[in-house]
Amino acid sequence: MDKEIRADAKLKNLGPEKLETLWRLRNPEEGGEKLTLEAIAADLPRLVGFSASLSALSDFFKWLRFKRRMEASAATATQARLELAKDSNLDPADIERAAQAVFTAEMLEAGNVRAYVALAKLRLAGRQVDLDRRRIDLLEKKAEFADLVKKAAENKAGGVTAEEMAEIERKLKMM
Amino acid sequence: MGHQPQAPQFSDARVRKAVREVCALAAGYGKSEAVLLAGVNELLTGDPTLRAVALPQLRSGVEWNVGKNYLRRRKNEDTDAHEYLITTNGLAKEAIE
């Protein structure tokens, strides 16, 4: 026997227009009347073609509030992504990560896109500084190693053999 | 002496479903553990600050969904934290419930 689809599942699968209609019943525009769950339940068959219990309606409105907040956060993140995409120095992966950071911050606390974009740019710039620092460290290590090799060669009678030179080059490549 | 109102308790099955529901919304974005915790509590109680579902129960619900391939995990390189995304299997599971 087919499992009957639960009313809250049917409610969650309504189209955007019906969802907006139901949302407005609980969250009316200024001056509008906020309906009780009981009143909405009584009118539900006319509005959407099926009925639902009060508990299903209550769960549905919790979900709908959360869905709207989630969608608003996603819209803010998309706005930040577009803002960052104007900067041609940023690669798409960095922009994606920044948009994800905006989304997470928006979900945890209402935020301001400009501030997030500025923060994301600072974070990306910070990462670039880290990369540059690591490159410099590496170059310094290579230079130190080359100095050591040179000194060793100077102190050794007959200089460095071909095998020793190959080993030195191999080590340098590994750095 | 006054007493704190008791937060409602939810079954593991209900928490697992709520985890999928949170991940199914804005599905392109990963949900950190903090987002999941606030989201699951908001979905179940209407109040994101209420801790009807605590972190251990949430983690167990997340792991169950990852184990069933309803969610996938990825690491955010910026925060070093894991984020969760719903899979096509997870979306299908949501659609039939």
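## Confidence

Within chain A, helix α2 (residues 16-26) has the highest confidence, at a mean of 95, while helix α6 (residues 113-155) has the lowest, at 68. Those values are pLDDT, the predictor's confidence in each residue on a scale from 0 to 100. Over the whole of chain A the mean pLDDT is 81, and 77% of the residues reach 70 or more.

A word on conventions: this is a predicted model, in which local features need pLDDT of at least 70 and side-chain atom pairs count only at pLDDT 80 or more, while totals for chains, interfaces and linings use all residues. Residues are numbered from 1 along each chain as its sequence is written, and chains are lettered from A and ligands numbered from 1 in the order in which they are written.

## Chain B at a glance

Chain B has four helices and three strands, arranged α-β-α-α-β-β-α from the N terminus on. Helices (H or I, at least four residues) and strands (E, at least two) are DSSP runs, numbered from the N terminus. The radius of gyration of chain B is 14 Å, close to the 13 Å of the globule rule for 97 residues, so chain B is as compact as a globular protein of that length. Here the radius is taken over C-alpha atoms, and the rule is 2.2 Å times the number of residues to the power 0.38.

Along the principal axes, the C-alpha atoms of chain B fill a box of roughly 50 × 35 × 20 Å. Of its 97 residues, 38% are buried; that takes 20 or more other C-beta atoms within 10 Å of a residue's own, whereas exposed means 12 or fewer and partly exposed lies in between, with C-beta atoms placed from the backbone.

## The sheet

The three strands of chain B make an open antiparallel sheet in the order β1-β3-β2. Because β1 (31-32) and β2 (71-75) of chain B stand at the edges with a single partner strand each, one side of each has no neighbour in the sheet. Pairing here requires at least two DSSP bridges between two strands. β1(B) and β3(B) (residues 82-86) share two bridges, while β2(B) and β3(B) share five.

B:E83 is a handy landmark in β3(B): B:S32 stands opposite it, and it is also the bridge partner of B:R74. β2(B) and β3(B) form a hairpin with six residues between them, and B:D80 in the turn has a positive phi of about 65 degrees.

Which residues touch the most other members of the largest nonpolar core? Among its 41 residues, they are B:V19, B:V22, B:L36 and B:V40. Such a core is a set of buried Ala, Val, Leu, Ile, Met, Phe, Trp, Tyr and Cys residues joined through C-beta atoms within 7 Å. Both chains take part: α1 (7-12), α4 (54-85) and α5 (92-108) of chain A, and α1, α2 (33-45), α3 (55-67) and β3 of chain B, each supply at least two residues. α4(A) gives the most, with nine.

Leaving aside residues up to four places away in sequence, B:V22 touches B:K31, B:L36, B:G39, B:V40 and B:L43.

## A loop in chain A

A:G49 sits in the loop between α3 (37-48) and α4 of chain A. A:G49 is exposed, with 10 other C-beta atoms within 10 Å.

Terms used: Two residues are in contact if their C-beta atoms, placed from the backbone, lie within 7 Å.
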